[in-house]
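Please have a look at the structure first.

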Amino acid sequence: MTETAPSTLLRPRRSVLYMPGANERALEKAKGIDADALILDLEDAVSPDAKPEARDRVCAAVTSGEYGHRELAIRVNGIGTQWHAADIAAAAKAGPDAVLVPKVNSAAEVLQLVAELEDAGAPDTTALWAMVETPVALLQAAEIAAAHERLTVIVMGTNDVVNETYGLHVPGRNPVVLTSLSIALLAARAAGKVILDGVYNDVKNLEGFDAEARQGREMGFDGKTLIHPSQVEPANAIFGPSDDEVEHAKAMISTFEEAKASGQGVVTFNGRMVEELHVRDARRILALDEAINAR
């Protein structure tokens with residue numbers, strides 16, 4: 001099993017917004033959107049005849065240095081498509097923070113993609129992100145997540161999961177989608193990787209988005225992929241620690257350390273027993289809050 005460094009795990013990825021690579025106006029607008037990360041898309045958001053131009057535009061955006069704190073990922077077209085090789089070559093030269101590949105179905109494909117990036121001269125700072133969105137990928141999620149240290153983030157493709165299982169989009173998500181999310185999350189955590197929840201399609205339904213994002217946060221996802229700027233602010237709030245959570249974490253750590261220093265065998269905080277695992281989670285919350293504020 002390979003593990004991701006703590007600094008990579010704690011990079012804020014509460015809100016990860018897809019931006020269509022063919023839309024110059026959208027790429028310009030993205031410079032002012034307070035998303036933690038942007039996925040500059042060359043796949044679904046770009047028609048076949050527009051892909052070469054979009055590729056050039058996205059790579060120019062990445063090398064412009066005009067996106068501030070935002071982590072930049074390029075979503076290339078998948079393995080086996082006619083655009084994949086050119087996308088990988090161009091993305092490697094541009095050197096984004098990450099290259100996101102759709103429909104990664106096996107550990108062997110992860111290794112293939114790592115080799116492609118290395119052969120194309122991608123800098124060591126360019127990570128691989130993999131979309132898990134097919135039944136075959138979900139059944140091999142653990143192997144995919146642990147395949148290589150260059151793979152740092154798993155991205156759920158929930159629309160494709162619904163499509164490929166002949167399911168329905170329903171409030172609260174259908175049981176197969178929930179099972180898929182759970183399987184992928186366990187695989188990511190076992191390999192020490194970041195994992196992002198899938199998109200919410202009904203852009204105008206703010207209550208529905210809020211409920212689904214909270215569900216993802218309760219399950220343990222690091223953040224949510226988004227399709228509209230209006231979803232950024234609520235995602236940041238839901239997947240980031242609140243002021244109350246930060247203060248609670250600080251107080252818990254302080255109480256625990258004082259009790260241990262005085263030789264107490266059992267530590268209680270607010271009437272509840274506190275163990276090392278609770279303190280580890282409190283430290284994670286503080287580290288995430290610090291990373292958010294440091295942007």
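This is a predicted model: local features need pLDDT of at least 70, side-chain atom pairs count only at pLDDT 80 or more; totals for chains, interfaces and linings use all residues.

**Salt bridges and a covered strand**

Lys250 and Glu247 are separated by about one helical turn, because they stand 3 residues apart in helix H12 (residues 243–261), helices being DSSP runs of H or I with at least four residues and strands runs of E with at least two, numbered from the N terminus. Their side chains meet in a salt bridge at 3.9 Å, N to O, a salt bridge being a side-chain nitrogen of Lys or Arg within 4 Å of a carboxyl oxygen of Asp or Glu.

Residues are numbered from 1 along each chain as its sequence is written, and side-chain values use heavy atoms, with hydrogens and water left out.

Turning to strand S2 (residues 37–41), 5 of its 5 residues are buried, where buried means under 20% relative accessible area, exposed over 50%, and partly exposed in between, with a 1.4 Å probe and protein chains only. Ala37, Ile39 and Asp41 lie on one side and Leu38 and Leu40 on the other. Asp41, with a relative accessible area of 3%, forms a salt bridge with Arg75, the closest N and O atoms being 2.8 Å apart. That pair links distant parts of the chain, since Arg75 belongs to strand S3 (residues 71–75) and Asp41 to strand S2, 34 residues apart.
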